Amino acid sequence: AGARSAVASKVSPSVVQIDVAVRDDNSGVIRWYKGVPSFEASVKRGLGSGVILSSHGHILTNNHVIDDALAINVRLQDGRMLPATLVGRDPGADLALIKIQATGLQAAQFADSDAARVGEWVLAIGSPFGLGHTVTMGVLSAKSRGGLGANAVEDYLQTDASINPGNSGGPLVNLDGQVIGINDMIVGRGQGIGFAIPSKMARRVADQLLRNGRVKRAWIGVGMQDLTPEIAAELRLDPGSGVLINHVASGGPAERARLQIGDIIATIGGKPARDSHELMREVLAHDVGASVRLEVIRGGKRYATDVGLAERPESPPPPLPMQQSSPAAPGLGMTIQNVYAGTPQRPEQPPPTAAQIVAITPGSPAHRAGLRPGDIVLQIDGATRPDAAQVLKATEDGHALLLVQRRQGTFYAAVRR
């Protein structure tokens, strides 16, 4: 118990809580793993966790934690709340890299997840339900879990350490205090089955996001399926002896290497490819442009061929709302957007709009005045129903008196730089 307590004390300074404002689409549905919605009019607040990657402010978390973000704020263990910017994100692996303006932070140590052993003790650290720096304990239940249909790239560690809403993006650590995974999702609630992205994959993605702001993933250019006992019997092979090619992409690496539909990939880089998940994992472990040797079974005979890996064709993720231009009053620490405020009285009229606060900088004059994301500006310096541009102009002199609507109530707030 003492050793586990020491591990928690060692790692906790490298774990942060992430507070995200997202637009409410009025559907009443928000991904529960983003946390608990707040009560503001049309902005909801989600909670997640993150791992400090560098001493000067880079933080690794899940993409689904920051997806659709109007604003991202990070709470450090010492209580500081700092706004974050997006460095890059990778929906395929459900990872994102954000950055805060800070120095001297304690970066987490990462282990090689391939060396992690099933059955070893692990700790999950994060902010479930917004309860900061909560530690739960369990064992590493399994490795190389895939086929869950959650993300394009799946190679999960499975654990029975308790993972709950808000744990997303936090670390799964071994008893040496090293990160072996980034907590990502659970199956059901209260079932004791959680999944984490292996640290080897997470570091690889994070390094690419840091260098390029995006991820280039290796691609072999085939469709593939496992050898079921029935298919293997027809081909006079043992199940698990390879992966069956059922499609070859035109102009892709496999076609250039003259692979064909019906070929069976038995090994990749000298390692057995017992199923399609194992083959995909080995491909993704290589860089784009690398050459990899395949052992292929065709017509009962084996031969070797080298394949030059290309970049996997993937659409870049769309920009987050926080990356799109919105009128901002930087001196007062608030960002404004025009939102629809009802339906027009006549069809030919444009829908009425209102100026809504969508982001507040922690510690800013707007924050000190009690303003929150989701507040609607009804008046500013006497002007009624201003739009976002009018609010911005009124704050240019560094102070303003606002009449604000929050839910069903209204109140005045004086903001001064």
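**The largest pocket and what lies around it**

Tutor: At least two residues of the lining of the largest pocket come from each of strand 8 (134–145), helix 3 (199–212), strand 17 (271–272) and helix 6. The model is a predicted one. The largest pocket has a volume of about 590 Å³. It is lined by 28 residues, and those closest to its centre are Asp114, Asp155, Lys200, Arg281 and Ala285. By class, the lining has 13 charged residues, eleven nonpolar and four polar.

Take Arg281 next. Arginine 281 makes a salt bridge with glutamate 278, with the closest N and O atoms 3.9 Å apart. The cut-off for such a pair is 4 Å, so this one qualifies because 3.9 Å is within it. Both residues sit in helix 6 (residues 276–284), and because they are three residues apart, about one helical turn separates them.

Glutamate 278 has another partner. Its side chain also meets that of arginine 274 in a salt bridge, at 3.0 Å from N to O. Arginine 274 is partly exposed, at 46%. The general point is simple: side chains of opposite charge can pair when their charged atoms come close.

Aspartate 306 is partly exposed, with 41% relative accessibility. Arginine 293 is partly exposed too, with a relative accessible area of 49%. Elsewhere, salt bridges that share partners link Asp90, Arg217, Arg312 and Glu314 into one network.

Now back to strand 8, one of the elements that supply the pocket lining. Strand 10 (residues 171–173) and strand 11 (residues 179–186) run antiparallel and are joined by three bridges. Proline 171 has isoleucine 182 in strand 11 as its bridge partner.

Two further strands are worth a look. Strand 3 (residues 58–61) sends His58 and Leu60 one way, and Ile59 and Thr61 the other way. Strand 3 pairs with strand 6 (residues 95–100) in the antiparallel sense, over four bridges. Within that pairing, histidine 58 has lysine 99 of strand 6 as its bridge partner.

Last, valine 404. This residue lies in strand 26 (residues 399–406). Valine 404 counts as buried because its relative accessibility is 0%. The C-alpha atoms of valine 404 and valine 377 are separated by 4.7 Å, although the two residues are 27 residues apart along the chain.

Conventions. Residues numbered from 1 in each chain as written. Predicted model: local features only at pLDDT ≥ 70, side-chain atom pairs only at ≥ 80, totals over all residues. Heavy atoms only, no water. Buried < 20%, exposed > 50% of the residue type's maximum accessible area, 1.4 Å probe, protein only. 1 Å grid on protein atoms, 1.4 Å probe; cavity = no way out; pocket = protein on both sides within 12 Å on 5 of 7 lines; lining within 4 Å. Points joined across faces, edges and corners; volume = space filled by probe spheres on them. Nonpolar A, V, L, I, M, F, W, Y, C, P; charged D, E, K, R; others polar. Pairing = 2+ DSSP bridges.
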